[in-house]
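Let's walk through this one from the inside out, starting with a single pair of side chains and ending with how the chains sit against each other. Have the structure open while you read.

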2 protein chains.
Amino acid sequence: MKIIEGGVTAAKGFEAAATAAGIKYQGRTDMAIIYSEKPCKVAGTFTTNVVKAAPVKWDRQIVESKQKSQAVIVNSGIANACTGEEGMKYCEETAKEAGKVLGIDEKGVLVGSTGVIGMQIPIDKIKAGITELAKGKKADLASGTEAAKAIMTTDTKKKEVAVTFMAGDTEVTIGGMAKGSGMIHPNMCTMLAFITTDAKISKKALQAAMSSDVEDTYNMISVDGDTSTNDTALLLANGMAGNEKIKEGTPEFDAFKEALHYVNETLAKAMAGDGEGATALFEVKVVGAQTKEQAKVLAKSVVCSNLTKAAIAGHDANWGRILCAMGYSGAQFDPEQVDLFFESCAGKLQIIANGTATDYSEEKATEILSQEKVTAIADLKAGDAEATAWGCDLTHGYIDINADYRS
Amino acid sequence: MKIIEGGVTAAKGFEAAATAAGIKYQGRTDMAIIYSEKPCKVAGTFTTNVVKAAPVKWDRQIVESKQKSQAVIVNSGIANACTGEEGMKYCEETAKEAGKVLGIDEKGVLVGSTGVIGMQIPIDKIKAGITELAKGKKADLASGTEAAKAIMTTDTKKKEVAVTFMAGDTEVTIGGMAKGSGMIHPNMCTMLAFITTDAKISKKALQAAMSSDVEDTYNMISVDGDTSTNDTALLLANGMAGNEKIKEGTPEFDAFKEALHYVNETLAKAMAGDGEGATALFEVKVVGAQTKEQAKVLAKSVVCSNLTKAAIAGHDANWGRILCAMGYSGAQFDPEQVDLFFESCAGKLQIIANGTATDYSEEKATEILSQEKVTAIADLKAGDAEATAWGCDLTHGYIDINADYRS
């Protein structure tokens, strides 16, 4: 596997564009297109929230059918959630317009929305935006980057990544873009992520790879514990790499999964580290667990703890909060056997041995916790399973962004 | 039932005192005693956190035995959690010292601790404190208030309440005190609450009344989603009111439960409203539910949502976050049937009808949400069950308190 430049336009046959449609934001781009020369097989995972945004319902029926897709139309600013029948009608109109303007099958047009819940989409602006996107779409890497910027809401950094791997003798590319950065507590995943690949792969294998990898990547991050109404991760494969068709249970499928995992994990970590108001990426590894499920529940509970996140913001080695968050996670473990370490580019320090404090240096601990990426490692010493979760610190910035998000 | 002045010393035969033992805080009281002239039956509920503080383990074995109790010794500043065998030994030494100084059965001495996790209790200071508390204890209401102040950590207000009710011809009193205000996500309850009563009541009825009421009071509040290692609610009954012994299934038991509920609910709401950094008590009522359990899960999910809490801090009627938090709660409901109202002393306003926004006035909504107590009422229109949960807004103050709690 090789890491390369680019995002959604890195794979063969994919184009992208962005435009300022004035959906809600002014003076910036707020609509994006991903377009494929050839129709794509589509895999996807969606929010488990009972309240599902209209685009989630729209995209899900495409993913669950045999329908191929050639375009994704995304807007930022308005979520099109809690918008009733009108909201669904706007998805339909968006797809119809894109089908007409692009000359593609409208039934396969995927729609993504993110932003304020409850407002109706200004469909005329969306339609005008589609015309601009159709005119502007290009296959170069810069166009992928423009699309990644257009889907940002409270994100401070665009998020994109691309890799290649060899399927037999053929080079296959996977690239993706995503946005966070509030209402992030994936289950499936609380964000929008769009992954493109030129792999030729069976639809079953495509969905299987995506569904299982989402569990270890997007579903292991949390910014604020709020599972969104709009979470969507889509994976489009247009088959243009020219490889022999990838099927489950083959070495090529393993290579595909490895590459996809790198793309998903990179985007997931970028979302966590760029959480609303965040100043640090907070990584929690639980090792020595009896089962992976136990390790996941424990790691996720720690990255979700407001108290722990506030301590990370203060560079305070308040390890009791970590043990406390493990304790209320719902997973069983022996607290009196736990070893805990803090690690960052400034070093590694053991804080707890067998459930009680070591004689560690608070000064060194603070130095370790003052870096942009900090890791807590909890060793249960009970088995070989492990899991990693990613979150961020909780700061004034989060409050500022969310006390007045709508104005 | 009648609401009266006072707290833990309101009921007959109970005394209290506070002292500045210098456990962690300087220049303020940090130890308290509740003492009963006669041995009490004890009911209690404790944290469900796997990581249990030493005093939780200590008290639980007393509650689960037939042991009566005559005193509770509480310290604030250090939680005595994650302190291993040494922590348990300190509970034992505390009880032994109190037994000796007070001339009571040491096996029945209850211990409560709250504060930093992981530090060892300075047992010499505790012992010196016990001597002061034994000298100072009095039955007047002011001494109860002093005790309520001494157990505060980041609380800004002392929390106490008392009521009387008639058991047959006899007046019975129930009083209590509690402390919050961070690591509050009760399950059982994430705080310390101490309730005293002079009721004569069977131990079985006492525990039954407490256990069921905790579900609707302390377990329905949340400040930050963090379930503490130290949660303890104790109910001591010394029988000195002189009433006929209260048994389950009688009108007197119903009267006892009603009075106990008022005490518990008042303390629970006080904890939520005085959450770390809070500027408002945020009440969420779910009505028209099919089952009470469904209503509870939905109400609790909303008061726990960081995004909703930040919106309340900003007096922003961002109702989509409320519907979103209901959606990820795990409870099933039809979002397209929900009506939502905001209410406070400034009025009541319908925000959503059948899952989509009404044409409400944002100005009026902001006025309603700018009060010290704000209520959101969600009507599922699916049945007759209802439940209420209490939380608070999420502010800079929470971050300030918790980014640097230990120093």
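Start with D216(A) and K292(A), whose side chains meet in a salt bridge at 3.0 Å, N to O. The term here means a side-chain nitrogen of Lys or Arg within 4 Å of a carboxyl oxygen of Asp or Glu. Side chains of opposite charge can pair when their charged atoms come close.

Before going on, some bookkeeping: this is a predicted model, so local features need pLDDT of at least 70 and side-chain atom pairs count only at pLDDT 80 or more, while totals for chains, interfaces and linings use all residues. Residues are numbered from 1 along each chain as its sequence is written, chains are lettered from A and ligands numbered from 1 in the order in which they are written, and side-chain values use heavy atoms, with hydrogens and water left out.

Now zoom out to the domains. Chain A is assigned domain 1 (2-273) and domain 2 (281-403), with bounds that come from an automatic or database domain assignment. Their C-alpha centres lie 32 Å apart. Where they touch, domain 1 of chain A puts in 16 residues and domain 2 of chain A puts in 18, contact being heavy atoms within 4.5 Å. Together these two domains bury about 1,400 Å², 59% of it on carbon and sulfur atoms; buried area is the accessible area (1.4 Å probe) that two parts lose on being put together, summed over both.

Which three residues supply more of the area that domain 1 of chain A buries against domain 2 of chain A than any other three? They are M220(A), S222(A) and K269(A), with 41% of that area.

Between the two domains of chain A there are two salt bridges. The count of residue pairs in polar contact there is five, both residues at pLDDT 80 or more. A polar contact is a pair of N or O atoms within 3.5 Å; within protein, one must be able to donate a hydrogen and the other to accept it, and residues adjacent in sequence count only if both atoms are side-chain atoms. On the domain 1 side, the elements giving two or more residues are α5 (203-216) and α6 (251-273) of chain A, and α6(A) gives the most, with four residues. Helices are DSSP runs (H or I, at least four residues), and strands (E) need at least two; both are numbered from the N terminus.

Next, the two chains. Chain A and chain B each bring 54 residues to their contact, and they bury about 4,300 Å² between them, 58% of it on carbon and sulfur atoms. The rule finds two salt bridges across this interface. K57(A) forms a salt bridge with E336(B), with the closest N and O atoms 3.5 Å apart. On the chain A side, α8 (306-313), α9 (319-327) and α11 (396-403) are the elements that give two or more residues.

How do the copies relate?
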